[in-house]
Amino acid sequence: MIKSIISLLLLLVSAGLSFKHGWDTLNYKKHPESLKMMNELGISEGMIPFFGVLTILIGTLLLIPKTFFLGNLLNAISIVIIMALAVKAGNFKMVLMEIPFLILPLIMIWLKYPFLKNSI
């Protein structure tokens, strides 16, 4: 029971972060610091909406029991991509800041979807 509650809390945090980051990414013109950071990582302005939609899709996949694993997998992959781009740009502070966000989907995969007997 405690494992399910922890899994549910992590699910809500992860999905909430995905929706928030996706929305912020889609509204990058209102956040010039976000645009600057993405440009430093080598992400062109044309690719930014793609990443915003992908992040919102990942948040949606996390909430559906049958796509929970896929959502976490895509979340981990996107974080690794961000970390790789940050290493390429020489921004090691960002790499270190992303480590907890990389661990989160891996823990969620281990804990499985909350309150399901046969989760995928």
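How many aromatic pairs are there in this structure? The count comes to 2, where rings of Phe, Tyr and Trp (its six-membered ring) pair if their centres lie within 6.5 Å, and planes under 30 degrees apart count as stacked, over 60 as edge-to-face and the rest as tilted. Both are stops on this tour.

The model is predicted: local features need pLDDT of at least 70, side-chain atom pairs count only at pLDDT 80 or more, and totals for chains, interfaces and linings use all residues. Residues are numbered from 1 along each chain as its sequence is written, and side-chain values use heavy atoms, with hydrogens and water left out.

**Whole chain**

Show the protein as a cartoon. There are 5 helices and 0 strands, in the order α-α-α-α-α; helices (H or I, at least four residues) and strands (E, at least two) are DSSP runs, numbered from the N terminus. The radius of gyration is 15 Å, close to the 14 Å that the globule rule gives for 120 residues, so the protein is as compact as a globular protein of that length. That radius is taken over C-alpha atoms, and the rule is 2.2 Å times the number of residues to the power 0.38. Along the principal axes, the C-alpha atoms fill a box of roughly 45 × 25 × 20 Å.

Of the 120 residues, 32% are buried. Buried means under 20% relative accessible area, exposed over 50%, and partly exposed in between (1.4 Å probe, protein chains only).

**The aromatic pairs**

Select Phe50 and Phe51. Their ring centres are 5.5 Å apart and their planes stand at 65°, so the pair is edge-to-face. Phe50 is partly exposed at 46% relative accessibility, and Phe51 is partly exposed at 25%.

Next, select Phe68 and Tyr113. Here the ring centres are 5.2 Å apart with planes at 85°, so this pair is edge-to-face. It links distant parts of the chain, with Phe68 in helix α4 (residues 68–89) and Tyr113 in the segment after α5 (92–111), 45 residues apart. Phe68 is buried at 2%, and Tyr113 is buried at 16%.

**Around Asn72**

Stay in helix α4 and select Asn72. Is Asn72 buried or exposed? Asn72 is buried, with a relative accessible area of 0%. Leaving aside neighbours within four places in sequence, Asn72 is in contact (heavy atoms within 4.5 Å) with Leu62, Pro105, Met108 and Ile109.

**Lys112**

Move to Lys112, in the segment after α5. Its phi is near 75°, a positive value in a residue other than glycine. Most residues other than glycine have a negative phi. Lys112 is partly exposed at 41%.

**The salt bridges**

The whole structure holds 2 salt bridges, each a side-chain nitrogen of Lys or Arg within 4 Å of a carboxyl oxygen of Asp or Glu. In helix α1, select Lys20 and Asp24, which are 4 residues apart, or about one helical turn. Their side chains meet at 2.6 Å, N to O. Lys20 is partly exposed at 48%, as is Asp24 at 21%.

In helix α2 (residues 32–41), select Lys36 and Glu40, which are 4 residues apart, again about one helical turn. The closest N and O atoms of this salt bridge are 3.8 Å apart. Lys36 is exposed at 54%, whereas Glu40 is partly exposed at 46%.
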